[in-house]
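Student: Can we go through this model together? I'd like to start with the aromatic rings.

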Amino acid sequence: MKKPRLSFWQIWNMSFGFLGIQFGFGLQNANVSRIFETLGASIDQIPILWIAAPLTGLLVQPIIGYFSDRTWCGLGRRRPYFLAGAILSSLALFVMPNSPALWVAAGMLWILDASINVSMEPFRALVADNLPSEQRTGGFAVQTFFIGVGSVVASAMPYLLTNVFGIANTAPEGMIPPSVKYSFYAGGLVFLLAILWTVWRTREYSPAQLAQFDGADVAQEEESSGVKAALGDLLRMPATMRQLALVQFFSWFALFAMWIYTTSAVTSHLYGTTDSSSALYNQGADWVGICFATYNGVSALAAFVLPWLAQRIGRKGVHAVCLVLGGISLLGMSWVKDPQFLLVNMMGVGFAWASILCMPYAILAGSLPARRMGFYMGVFNFFIVLPQVLAAGILGYFTKTFFGGDAMLALALGGGSMLLAALLTLWVKDVDETLSQAQDDRQAVAATA
């Protein structure tokens, strides 16, 4: 049996919850380093404080994926998990900007990121569950659109609240500015409402239906459950997944460097200050929000272009080109003298971000069995988390010891890492495209027979 194609609006409703997820994630990425510095963190402490975020993903996503593969209740298979994650994330977003001390903020980042991961993992599996292979690239592209839109608004929120609504973006030393606080409150509300929309408007296939689509035996699937089977599945990881692992590793090392060091790099290089309580520092930090909004806005628009390009040069080709654009853009940030010109660099990063959110998952889904989709999607997160853990462990030392405390050089290192990821993409085997080419060859032979 083959899965029926879904309409555009069915895919839209199924992916709408990612708007909320990325609203929360965008607020985290654009403002957590700012909160840490405000509460007294030094430049070399920031990577270690950020380590909570990837570690929670390393633990949470495979576990949630494993159990969601085996869940079936009134809400379905994946929806119970991203609803629970949304409730916890919304609460954490309200608490985070009110942290009274640095250690509290670090703990809240741990809770917030764990909750976001509980919501995020089932969404990736949901697209793979509900869509036939020919619609998966488009399905992940719609997710990318919502990720971009949510991040644009979230990243720009403090700037907009200050410059449009007149809310203060400064506060006494050691205090979080009101513009940041209100942004997090708005994020908590948007996160929950967006998830509720997807829960209400989306249906899921039962385990028996998915087994029929996958040509699997339900009894066999039940017998193979358990920790031993999970470890066996881990060892039998598909070749495509192993190849994509290296691409993901170097891509996400670059992204992590960008997220944790852009605020420090821009405020010190282009605004000439490291005083987190000064008006100039907060002006620069707000501009970083606009930069992040720009790359996310570009990614939202690119989401509609990438599937079209993939039909012409293949998903691997699209991903390699986009990663090259991102790598060159990060390398080029050190040459920028006017903050306005950073927006050009962020456009290149936006294409890389759009592809990172779409192409690896579309390629991966074609190589995975439906009955293990959630588990393998969770395991795939290892190759997002491990480079971030490595970056958190070494970037602070590198920046202090070899870069003289210059955060801009850490961004350049990230650019080189992304270029390496682009090269490694060329060695990935896209199973769906291979099968499609084989089918075209058979049809050509049949036509000439």
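Tutor: Rings of Phe, Tyr and Trp (its six-membered ring) pair if their centres lie within 6.5 Å; planes under 30 degrees apart count as stacked, over 60 as edge-to-face and the rest as tilted. This is a predicted model: local features need pLDDT of at least 70, side-chain atom pairs count only at pLDDT 80 or more, and totals for chains, interfaces and linings use all residues. Residues are numbered from 1 along each chain as its sequence is written, and side-chain values use heavy atoms, with hydrogens and water left out.

Student: How many aromatic pairs does the structure hold?

Tutor: There are 30 aromatic pairs. In one of them, Phe8 and Trp9 are edge-to-face, 5.1 Å centre to centre with 75 degrees between the planes.

Student: Is Trp9 buried or exposed?

Tutor: Trp9 counts as exposed, because its relative accessibility is 53%. Buried means under 20% relative accessible area, exposed over 50%, partly exposed in between (1.4 Å probe, protein chains only). Phe8, at 41%, is partly exposed.

Student: Which aromatic cluster are Phe8 and Trp9 in?

Tutor: One that also includes Trp12, Phe16 and Trp200.

Student: What sits over the ring of Trp200?

Tutor: The charged end of Arg201, 5.2 Å from the ring centre. The criterion is NZ of Lys or CZ of Arg within 6 Å of the ring centre and within 35 degrees of the ring normal.

Student: New topic. Which residues of α5 are buried?

Tutor: Among them are Pro80, Tyr81, Phe82 and Leu83. Helices (H or I, at least four residues) are DSSP runs, numbered from the N terminus.

Methods:
Helices (H or I, at least four residues) and strands (E, at least two) are DSSP runs, numbered from the N terminus.
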